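Let's take a walk through a protein together. Keep the sequence and the 3D view open as you read.

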Amino acid sequence: MIAVKSFIRQKYSPKATELVASFRVKPARNISFKNALDSIARESSIGTWTKLCTLTDATAKRLGPKVFALNQEKHSAKIAYPIELFEKGSIPQFLSSVCGNIFGMSDVEKLRLDDVFFPRAYTKAFRGPKFGINGVRRKLGIKKRPLVGTIVKPKLGLTSKEHAKVAYNAWLGGCDLVKDDENLTSLKFNAFKKRVELTLRMREKAEQETGEPKAYMPNVTAEALEMLERARFVKEQGGRYAMVDILAAGFSALQTLRKQDLGLILHAHRAGHAAFTRNNEHGISMLVTAKLARLAGVDQLHVGAIFGKMEGGKEEVKGIIKGITEKSTLKPVFPVCSGGLHPARVYPLIETLGNDIIIQAGGGIHGHPLGTIKGARAMRQAVEGALEGIEPMEYALTHKELAMALKKWGL
Ligand code: CAP
Ligand code: MG
């Protein structure tokens, strides 16, 4: 290979205006750690595989990245990129740079983007969440406790009318939020508009009967223009939320939806993320994905449930929560814990993550032996018990719906 200038620095302190990416890399055979890092830095910024007649030293100096904090044992290093390399307010352009060609280069066998630091000058150009944790709490009138939500189950198969009835039961039993499942969009047996109309009507009835604010999170995911149309329809019908499968719809469509500023709280489902986040040695971490979702402007995001059916341990989930709630020019995103949760798992979840979470259970509510209403009641009891610091077994002595849930699913 023809020698090209190295971007590696023995010592470097990134400027406050630089975007810093943390990578781990396993170089391909016959490629040194440093050469692999140089290839990554070049390809994700201003260069290519060879020395260019068209790239002046002045440009390389002004816009070139810096590779630093090398740790060969851990295979890790950081790259600082001048902010001028990034289009303000564009997630697609960021993805094409730092999450682009580099993952397919033959110089690397494995490459993992673990984390990204976005400088203030960069985050400022994004809208971020319109409501964030406090805004959502205000809308629902819930000051401190975790929010309780459900996913109408079965995932697919109910008619719009049946769907609305299940939602109603969940609200009556004590759920604050009811959402569609990720693959329920607009289907022959359950069309979007009819479902939204009927379910919102049931929401009003449930609000009147319980005296509690309730919310429905309809899944608007579709081709971008259709998705906007569906979100507008939700707004017209008096809805407060739109749910989006953010990776299926894509960040571009998500940003477009956020820019409409419809006043809807955006709930982000992350279906499909594990295709590129799960392999710890290759791909893009969920933490980075979550930070992008915050930039784009979701108000709530699935982050993992630690004790549930999906992969994702305590450290990872806590790290993601930190990434979407830490101090920034952007509002904090409400973390959503979902997937395989049931009443017995609520206590350790709250003990581990605190109160600023949304706890969702689909199977863990509609699978209750006495049905959805009692299932939702058992979940609320589990939350109440945990907030009082009473272990589920003890709380169940005086709460029969919780007792039945524990009997079915165990601790
Ligand atoms: C939960 C859920 C969510 C998962 C996805 C489901 O249902 O609706 O899609 O939470 O995982 O269909 O599995 P259950 P994550 O309560 O019945 O498991 O939140 O980790 O993205
Ligand atoms: Mg689901």
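Is Lys-124 buried or exposed? Lys-124 counts as exposed because its relative accessibility is 55%, and the cut-off for that word is over 50%. Please keep in mind as we go that this is a predicted model. You can find Lys-124 in the loop between helix 4 (120-123) and helix 5 (132-140). On the surface, Lys-124 gathers with Lys-88, Arg-120 and Lys-327 in a patch of positive charge.

Now follow the chain into helix 5. Gly-132, Ile-133, Gly-135, Val-136, Arg-137 and Leu-140 of this helix are buried. After helix 5 comes Gly-141, which has a positive phi, near 65°.

Val-67 counts as buried because its relative accessibility is 0%, and buried means under 20%.

Ala-69 is partly exposed, because its relative accessible area is 43%. Look at its backbone too: Ala-69 is not a glycine, yet its phi is positive, about 55°. Most residues other than glycine have a negative phi, and most peptide bonds are trans. With that in mind, visit Asn-30, another residue other than glycine with a positive phi, near 75°. Asn-30 sits in the loop between strand 1 (19-27) and helix 1 (33-43), and it counts as exposed because its relative accessible area is 81%. The peptide bond between Lys-153 and Pro-154 is also worth a look: it is cis, with omega about 0°. Pro-154 belongs to the loop between strand 5 (147-151) and helix 6 (160-173).

Next, let's look at charged side chains that pair up. How many salt bridges does a search of the whole structure find? The search finds 24 salt bridges. In one of them, Arg-112 meets Asp-114, with 3.7 Å from N to O. Arg-112 is buried, because its relative accessibility is 5%, while Asp-114 is partly exposed at 23%.

Another salt bridge brings together the side chains of Arg-380 and Glu-212, at 3.2 Å from N to O. Arg-380 lies in helix 16 (residues 372-387) and Glu-212 in the loop between helix 7 (192-210) and strand 7 (215-217), so this pair ties together parts that are 168 residues apart in sequence. Arg-380 is buried at 14% relative accessibility, whereas Glu-212 is partly exposed, with a relative accessible area of 26%.

Arg-258 and Asp-261 form a salt bridge as well, with 3.2 Å from N to O. Here Arg-258 is buried, with a relative accessible area of 9%, and Asp-261 is partly exposed at 38%. Salt bridges can also share partners: in this way Arg-145, Asp-176, Glu-212, Lys-214 and Arg-380 are joined into one network.

Our last stop is a metal. Which residues are the protein donors of the magnesium ion (ligand 2)? They are Asp-181, through OD, and Glu-182, through OE, lying 1.9 to 2.0 Å from the ion. Both Asp-181 and Glu-182 are buried.

Note on methods
Residues are numbered from 1 along each chain as its sequence is written. Chains are lettered from A and ligands numbered from 1 in the order in which they are written. This is a predicted model: local features need pLDDT of at least 70, side-chain atom pairs count only at pLDDT 80 or more; totals for chains, interfaces and linings use all residues. Side-chain values use heavy atoms; hydrogens and water are left out. Donors are N, O and S atoms within 2.8 Å of the metal (3.2 Å for Na, K and Ca); water is not among the atoms, so sites may look incomplete. Buried means under 20% relative accessible area, exposed over 50%, partly exposed in between (1.4 Å probe, protein chains only). Patches are made of residues with over 30% relative accessible area and no salt bridge: like charges are joined within 9 Å, nonpolar side chains (Val, Leu, Ile, Met, Phe, Trp, Tyr) within 5 Å. Accessible areas come from the Shrake-Rupley method with a 1.4 Å probe; for residues, only the protein chains shown count as cover. A salt bridge is a side-chain nitrogen of Lys or Arg within 4 Å of a carboxyl oxygen of Asp or Glu. Lys and Arg count as positive and Asp and Glu as negative; His and the chain ends are not counted. The place of a charge is taken as NZ of Lys, CZ of Arg, CG of Asp or CD of Glu. Helices (H or I, at least four residues) and strands (E, at least two) are DSSP runs, numbered from the N terminus.
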